[in-house]
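Here's a quick briefing to read with the structure open. Have a look at the model first, then work through the notes by topic.

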Amino acid sequence: MGKTTAAITAVGAYVPDHILTNKMLESMVETNDEWITTRTGIKERRILKEEGKGTSFMAIKAAEDLINKSNLDPKEIDMVLVATATPDLQVAATAAYVASEIGAENAFAYDLQAACSSFLYGMSTASSYIESGRYKKILLIGADKMSSIIDYTDRATCIIFGDGAGAVLFEPNQESLGLQDEYLRSDGIGRNFLKIDAGGSILPANEETVKNKQHYVFQDGKTVFKFAVSNMADVSAKIMERNNLTEQDVQWLVPHQANKRIIDATANRMGVSSEKVMMNIQRYGNTTSATLPLLLADYEKQLKKGDNLVFAAFGGGFTWGSIYLKWAYNS
Ligand code: UT7
């Protein structure tokens with residue numbers, strides 16, 4: 001028998017109904033549709049408005065979508081991983097609650113946090129467990145309620161982010177499909193450029209931190225942009241090179257949706273033409289951990305068994321990387 005690989009065998013997704021358009025943002029901060037569109041590619045994003053509902057609400061919906069579409073018995077799930085930068089609660093793992101709510105009563109569950117690279121890193125974690133032979137069905141969910149940590153008076157951040165969730169199932173594969181290679185990096189120097197200052201162990205919440213708006217995302221956009229452009233393009237080119245993939249061999253680039261200009265630069269560097277680039281940033285903005293699975297859900301019908309997919313992401317930390325995966329089914 002050949003080597004066991006880890007393949008994605010099902011996909012699910014959820015985005016909230018409420019749409020926040022560029023036009024609506026024009027009445028909230030000093031910005032305009034033209035600036036946002038040309039600088040980022042974003043036209044609208046989804047916002048989870050209902051009070052008392054957190055990231056788990058969307059993660060559960062995405063998982064249920066996957067379960068319904070694939071006729072999966074949740075009792076067979078061995079492990080639930082929730083990739084997120086916005087857990088329901090500071091301490092209790094969101095994944096544990098999600099697993100219980102979807103009926104994954106035989107699973108263990110935990111969260112994984114690496115900012116916008118959370119889902120990409122999660123793909124590596126899930127695949128490694130499968131390849132080891134230890135587990136057979138791993139549900140990986142990427143979910144973020146970015147609206148809970150965004151200051152809607154800060155035009156540098158509020159135009160970018162949105163809420164959403166996506167889920168994939170990883171299972172063993174004997175046909176050499178699924179994850180082929182990964183190149184994952186991090187550099188702690190980057191944490192000063194994209195962060196939330198307060199509420200962690202360095203600066204616990206107090207009246208001052210609330211008054212100073214230190215519980216919201218701060219981003220030095222220009223610096224993050226520079227690092228994102230060069231690093232995302234570098235790792236994607238590298239993974240092609242070391243797997244002897246030409247641009248003809250790559251059917252799809254699956255890039256983190258942070259900025260259309262970063263995506264275009266990555267595609268250019270790889271020599272991949274625009275019709276091979278998955279893109280939904282115009283509809284959802286940057287949903288952090290949810291961008292990659294939301295792309296898979298949107299493009300699932302176009303994917304064919306054996307297609308070569310190159311995933312790429314860059315995020316706070318800094319964290320970034322690229323994964324080469326062979327698609328395992330026709331839908
Ligand atoms: O997902 C995690 C990783 N994150 C990223 O990859 C995000 C990376 N960064 C970016 O995508 C971009 O840097 C932004 C979209 C955040 C900003 O675009 P930019 O082209 O880097 O703009 P900038 O910050 O250099 O600002 C250019 C100008 C400034 O005005 P002056 O100084 O040239 O007069 C800003 O004040 O645009 C102004 N500006 C805005 N104008 C209208 C900044 N934000 C806005 C806005 N609307 N929302």
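This is a predicted model: local features need pLDDT of at least 70, side-chain atom pairs count only at pLDDT 80 or more; totals for chains, interfaces and linings use all residues.

A residue counts as partly exposed when its relative accessible area lies between the buried limit, under 20%, and the exposed limit, over 50%.

**Strand 1 and its partner**

- Strand 1 covers residues 5-14, and eight of its ten residues are buried, so the rest of the structure largely encloses it.
- Strand 1 runs antiparallel to strand 7 (residues 163-173), and nine bridges join the two.

**Aromatic pairs**

- Searching the whole structure turns up eleven aromatic pairs.
- One of them is Tyr14 with Phe57: the ring centres are 5.9 Å apart and the planes sit at 85°, so this pair is edge-to-face.
- That pair ties together distant parts of the chain, with Tyr14 in strand 1 and Phe57 in helix 3 (residues 55-70), 43 residues apart.
- Tyr14 is buried, at a relative accessible area of 18%, while Phe57 counts as partly exposed at 22% relative accessibility.
- Phe108 and Tyr129 have ring centres 6.5 Å apart and planes at 85°, so they are an edge-to-face pair too.
- Here the link is between Phe108 in strand 5 (residues 108-112) and Tyr129 in helix 5 (residues 118-131), distant parts of the chain that are 21 residues apart.
- Tyr129 counts as partly exposed, with 21% relative accessibility.
- Elsewhere, ring pairs connect Phe193, Phe227, Phe314, Phe318 and Trp320 into a cluster.

**A charge over a ring**

- Phe57 turns up again here: the charged end of Lys53 sits over the Phe57 ring, 4.9 Å from the ring centre.

**Helix 4**

- Helix 4 spans residues 94-101, and its buried residues are Thr94, Ala95, Val98 and Ala99.
- Looking down the axis of helix 4, these buried residues fall within an arc of 130°, so they line one face of the helix.
- As a bit of background, an α-helix has 3.6 residues a turn, so residues three or four places apart point the same way.
- The buried residues of helix 4 pack against helix 3, strand 4 (79-83), strand 5 and strand 6 (138-145).
- Just after helix 4 comes Gly103, with a positive phi of about 85°.

Technical notes
Residues are numbered from 1 along each chain as its sequence is written. Side-chain values use heavy atoms; hydrogens and water are left out. Buried means under 20% relative accessible area, exposed over 50%, partly exposed in between (1.4 Å probe, protein chains only). Helices (H or I, at least four residues) and strands (E, at least two) are DSSP runs, numbered from the N terminus. Two strands pair if DSSP finds at least two bridges between them. Rings of Phe, Tyr and Trp (its six-membered ring) pair if their centres lie within 6.5 Å; planes under 30 degrees apart count as stacked, over 60 as edge-to-face and the rest as tilted. A charge sits over a ring if NZ of Lys or CZ of Arg is within 6 Å of the ring centre and within 35 degrees of the ring normal. The arc is that of the directions from the helix axis to the C-beta atoms. Contact means heavy atoms within 4.5 Å.
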